[in-house]
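Below is a short note on the model, in numbered points. Please read it with the structure open.

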Amino acid sequence: MIEVNHIAREFRRAKQVHGAFGGLRTFFARESEIVHAVEDVSFHIDAGEVVGYLGANGAGKSTTIKMLSGILVPTSGEVRVNGLIPWENREENALNIGVVFGQRTQLWWDLPLIDSLRIISKLYQLDTDRFQRNLARLDDMLGLAPFLDAPVRQLSLGQRMRGDLAAAMLYEPKILYLDEPTIGLDVVAKERMRNFIEQVNQESGTTIMLTTHDLADVERLTKRIIFIDKGRVLFDGPVAELKHRYSPFRELHVTLVPNGNEASSVDDIAGVIHVEATPTSLVIRFDPERIAVADLIAAVVARYAVNDLAIVEPALENVVREIVQSGEVRA
Amino acid sequence: MQKLSVLGTLASASIRSELQYRANAVSSIIGGILFQITGFVVVWIIAARFGQIGGWGLPELTFLYGMRLTSHGIFYACFSQMFEFDRVLITGEFDRYLVRPMPPLIQLFTRKLRINAFGDLIGGTVLVIAASTAAPVDWSPLAVTYLILAMIGGGLVEGAVQITLGSLSFRFLQTLPLRSTVNEVFNLYGNYPNTIFPGALRWSLTFLLPIAFVAFFPASVLLNRAGELSVPLWLAAASPLVGMVLFSIAVRVWKWQSVHYQSSGN
């Protein structure tokens with residue numbers, strides 16, 4: 001559905017001159033520097049996949065999405081989206097894709113939301129029946145009815161985002177690009193947004209590519225992530241694999257019975273990597289390949305009076321933070 | 001055909017957006033008319049004081065002023081959003097035009113309507129009609145048709161210049177100061193018979209900035225003064241066509257430059 005082969009995009013930027021009269025000198029110095037926003041990115045996405053596209057700020061996420069949607073022309077490399085070259089067959093490609101940018105609206109600012117949706121149905125040549133049917137379905141999923149008649153400028157951020165999603169899905173595109181769809185939303189609104197994305201993918205088989213900073217989005221919605229840094233792909237694969245590769249250890253969190261324990265330790269058990277102990281708790285990091293969870297629990301219970309136990313998976317957020325800081329993914 | 005109906009939808013959306021602010025709409029039209037009246041008063045005073053300008057009397061000058069003003073109104077009604085283009089690029093609004101199945105230029109033009117364009121259209125039409133009996137024009141259905149085509153062509157000439165210069169914004173992000181100046185030059189020099197200017201300036205205002213094609217050449221043809229021109233009659237008479245040709249070239253230049261679009265960061 002989406003094929004990307006070795007795309008790169010560079011930007012030219014006037015070189016800043018610092019010091020006295022820096023602004024003026026920048027203006028006259030015609031020197032420019034080249035910024036490589038995307039250096040070398042390749043991937044394939046199949047129909048019906050939901051892919052999380054991750055990376056730090058400035059890693060090249062938005063630039064990639066813009067090349068896939070026909071907004072930017074790459075400096076080099078090939079892109080095919082549903083068989084089309086997005087920037088060459090721009091209008092035809094537009095019929096296949098829905099795009100939502102979390103930070104700007106695609107709607108007509110001064111008009112009621114329903115007007116924007118009507119205009120879009122015209123742009124995409126929907127007949128009245130199909131428009132009404134799709135609108136009813138989107139209203140059902142997103143609860144648009146209370147603010148359909150309000151001008152877009154009066155909507156709250158959450159309502160506006162729902163409006164933008166409805167606008168992007170109204171003509172049932174095969175592909176949906178979501179650039180930071182949950183940014184700035186409160187917990188309830190985020191949850192609604194995620195439910196919608198999930199439902200759209202499952203019911204309509206829409207292929208979805210999602211950039212986000214909120215890793216809860218990724219853990220909830222996607223099986224596959226593509227991780228880029230400094231314009232290159234660092235990792236492309238299942239979420240579980242990234243966690244496993246980068247952070248192979250689990251943690252056992254133990255709550256102890258207060259004052260019920262003699263001094264003891266679990267440091268000597270094979271497979272235990274690290275222990276943080278307080279009088280009322282233990283955090284034991286262990287390697288699940290060297291010791292089974294059940295054996296470890298048995299050993300802990302034999303040595304301590306335990307109130308509660310929990311196995312904690314490594315959070316994707318920590319994994320991502322470590323990758324960004326170290327700049328590499330372990331093999 | 002389908003495209004035209006979508007264009008109609010977009011255009012009506014831009015009008016409805018503007019009418020959301022009713023007081024602003026009314027004051028815009030009145031302001032537009034007042035602004036153009038002051039411009040005309042200057043021409044009137046000069047003509048009243050000296051009898052004529054470059055051999056053109058008050059009725060002819062009024063006719064020329066009216067034609068140019070109507071052309072400008074047509075330009076402004078259709079293409080006013082060129083004056084917002086730099087902002088549309090800088091804010092990244094242009095991104096959304098590129099992901100919709102419609103030419104981006106049309107989406108730009110139908111972005112918003114500048115209501116004060118109607119001030120120009122009304123003022124210009126009133127002047128043309130007021131001057132039509134006093135000015136020595138042989139009125140016939142053909143002459144009326146030519147007049148209308150010439151005023152549309154004049155709007156297209158102005159549009160072509162603004163689109164061509166505006167397309168440089170894809171590379172340099174800001175060309176509005178340059179284009180505003182050019183617009184002022186059109187508004188200032190377009191109102192006078194081109195023949196009053198010295199040679200180099202006259203040539204520049206014909207071929208460098210095609211101001212003479214907006215109203216002066218077609219007005220000369222209608223007023224039977226084409227003999228005074230420094231260009232052949234056929235070229236002056238072809239003004240409406242020149243507008244269409246320049247406009248289609250401008251659209252091509254714009255498309256050609258649009259690959260340099262850089263979008264904006266988030």
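**Notes on the two chains**

1. In chain B, 52% of the 266 residues are buried, where buried means under 20% relative accessible area, exposed means over 50%, and partly exposed lies in between (1.4 Å probe, protein chains only). This is a predicted model, in which local features need pLDDT of at least 70, side-chain atom pairs count only at pLDDT 80 or more, and totals for chains, interfaces and linings use all residues. Residues are numbered from 1 along each chain as its sequence is written, chains are lettered from A and ligands numbered from 1 in the order in which they are written, and side-chain values use heavy atoms, with hydrogens and water left out.

2. Chain B contains 14 helices and zero strands. Helices (H or I, at least four residues) and strands (E, at least two) are DSSP runs, numbered from the N terminus. The C-alpha trace of chain B spans about 60 × 40 × 35 Å along its principal axes.

3. Chain A has eleven helices and 13 strands. For its 331 residues the globule rule gives 20 Å, but the radius of gyration is 25 Å, well over that, so chain A is more spread out than a compact globule. Along the principal axes, the C-alpha atoms of chain A fill a box of roughly 75 × 55 × 40 Å. Buried residues account for 49% of the 331 in chain A.

4. The domain assignment divides chain A into domain 1 (47-244) and domain 2 (248-313); such bounds come from an automatic or database domain assignment. The C-alpha centres of these two domains of chain A are 44 Å apart.

5. On surface make-up, chain B exposes about 11,800 Å², with 71% of it supplied by carbon and sulfur atoms. Chain A exposes about 15,800 Å², and there carbon and sulfur atoms supply 49%. Accessible areas come from the Shrake-Rupley method with a 1.4 Å probe; for residues, only the protein chains shown count as cover.

6. Contacts are heavy atoms within 4.5 Å. Among contacts in chain B between residues at least 6 apart in sequence, 76% link residues at least 24 apart. In chain A, residues 24 or more positions apart make up 72% of the contacts with a separation of 6 or more.

7. Two asparagines of chain A can be read together. Asn89(A) sits in the loop between β4 (76-81) and α3 (90-96) and is partly exposed at 27% relative accessibility. Asn93(A) is in helix α3 of chain A and is buried, with a relative accessible area of 0%. Leaving out residues up to four places away in sequence, Asn93(A) touches Leu68(A), Ser69(A), Val81(A), Leu84(A) and Pro86(A).

8. Two loop residues of chain A deserve a look at the backbone. Gln125(A), in the loop between α4 (113-123) and α5 (128-142), has phi near 55°, a positive value in a residue other than glycine. Glu172(A) lies in the loop between α6 (157-169) and β6 (175-179), and its phi is near 50°, again positive in a residue other than glycine. Glu172(A) is partly exposed, with a relative accessible area of 41%.

Technical notes: Rg over C-alpha atoms; globule rule 2.2 N^0.38 Å.
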